[in-house]
Amino acid sequence: MNIAIVGASGAVGAEFLRVLEEQNFPVDSLRLFGSARSAGTTRKFRGQDYVIEELTTDSDFSGVDIAFTSAGAGVSRDFAETITRHGTLMIDNSSAFRMDPECPLVVPEVNGDDAFDHPRNIIGNPNCTTIQMVVALGAIEKLSHIRRVHVASYQAASGAGASGMAELQQQTCEIASGKDCTVRKFAHQLAMNVIPHIDVFTDNGYTKEEMKMYNETRKIMHSDIEVSATCVRVPVLRSHSEAIWVETEEPVSLEDAARAFEEAEGLIYVPLGDPSDPQYPMPKDIAGKDPVYVGRLRKDISNPNGLSFWVVGDQIKKGAALNAVQIAMYMINKRK
């Protein structure tokens with residue numbers, strides 16, 4: 001495959017290169033694109049240095065089979081025609097086309113076949129919080145239709161990019177040194193704090209991040225599922241966590257739910273085990289890993305048709321680069 005990465009100098013762009021190598025993705029040729037500022041710099045892939053080209057409206061993508069794009073919604077909208085006009089398939093990591101009815105929104109473990117219906121040659125990669133949630137929801141949906149979901153997310157600084165991680169590290173050092181915290185990337189100090197605010201607020205009081213979880217989940221699952229989310233930024237460098245409550249049409253036993261999680265593709269189920277030595281997934285253990293991890297499974301004592309569980313995933317990996325690469329791999333394998 002002839003591959004391009006747009007946004008190659010960013011944190012997700014770097015992750016794309018790592019994931020393509022880890023997954024042994026069939027790359028015959030590789031081109032990297034970025035802003036004028038990053039153009040001319042190099043990135044290494046499989047032992048070879050590649051020079052980042054400046055992305056312009058004159059950039060020629062002819063001959064490129066798949067372009068993985070992760071440079072922000074504005075760039076994706078502005079350059080979609082440039083990227084796709086010669087038939088290149090654009091797998092886009094931004095929010096630009098996620099709700100476009102002509103652009104499928106895909107998590108391969110849940111709705112992989114949707115990827116083949118892409119009239120605009122664009123496939124949307126969902127929001128990171130949505131991806132890890134629907135991988136878990138997909139396992140339960142096979143047992144009984146899910147009517148509604150309540151979810152609280154605990155989102156790492158890396159969700160705001162490399163600069164978000166750097167600011168958390170800087171603030172932590174400043175606090176340890178007795179200095180005032182530098183606040184630029186986030187609305188408030190993140191170190192030693194939590195911020196119940198990710199993205200801008202909408203008219204209904206929910207943030208755009210929270211509404212993404214509502215709208216994207218319904219599109220991916222082809223479902224009337226109702227989702228109410230509260231998204232919180234926490235002082236963790238990498239990997240998002242979610243506390244999830246689901247209500248199904250029919251009661252689902254803990255044994256059946258656990259078995260569904262154990263058998264689901266892309267999931268690792270972590271039983272609690274002995275309560276004196278409890279086991280559950282945590283961000284510090286999940287960073288850099290491919291699967292979504294599920295633990296703390298229990299019945300919702302407030303609802304006979306309810307289940308509650310805890311989900312952790314590396315949002316730079318499965319929540320961004322890995323899911324996009326898995327979309328491409330799903331399509332390649334299906335066509336064999």
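Me: How many salt bridges does the count come to by this rule: a side-chain nitrogen of Lys or Arg within 4 Å of a carboxyl oxygen of Asp or Glu?
Reply: This is a predicted model, in which local features need pLDDT of at least 70 and side-chain atom pairs count only at pLDDT 80 or more, while totals for chains, interfaces and linings use all residues. Residues are numbered from 1 along each chain as its sequence is written, and side-chain values use heavy atoms, with hydrogens and water left out. Side chains of opposite charge can pair when their charged atoms come close. By the stated rule, the number of salt bridges is 18.

Me: Which residue forms a salt bridge with Arg31?
Reply: The closest N and O atoms of the pair Arg31 and Glu53 are 3.0 Å apart. The pair links distant parts of the chain, with Arg31 in strand S2 (residues 29-34) and its partner in strand S4 (residues 48-54), 22 residues apart; strands (E, at least two residues) and helices (H or I, at least four) are DSSP runs numbered from the N terminus. The partner of Arg31 is Glu53.

Me: Where does Lys212, the salt-bridge partner of Asp199, lie?
Reply: The side chains of Asp199 and Lys212 meet at 3.5 Å, N to O. Asp199 is partly exposed at 30%, whereas Lys212 is buried at 17%.

Me: What is the area of the nonpolar surface patch made by Leu272, Tyr280 and Met282?
Reply: Patches are made of residues with over 30% relative accessible area and no salt bridge, like charges being joined within 9 Å and nonpolar side chains (Val, Leu, Ile, Met, Phe, Trp, Tyr) within 5 Å. Met282, in the loop between strand S11 (267-269) and helix H8 (283-286), is partly exposed at 31%. Accessible areas come from the Shrake-Rupley method with a 1.4 Å probe, and for residues only the protein chains shown count as cover. The patch has an area of about 230 Å².

Methods. Buried < 20%, exposed > 50% of the residue type's maximum accessible area, 1.4 Å probe, protein only.
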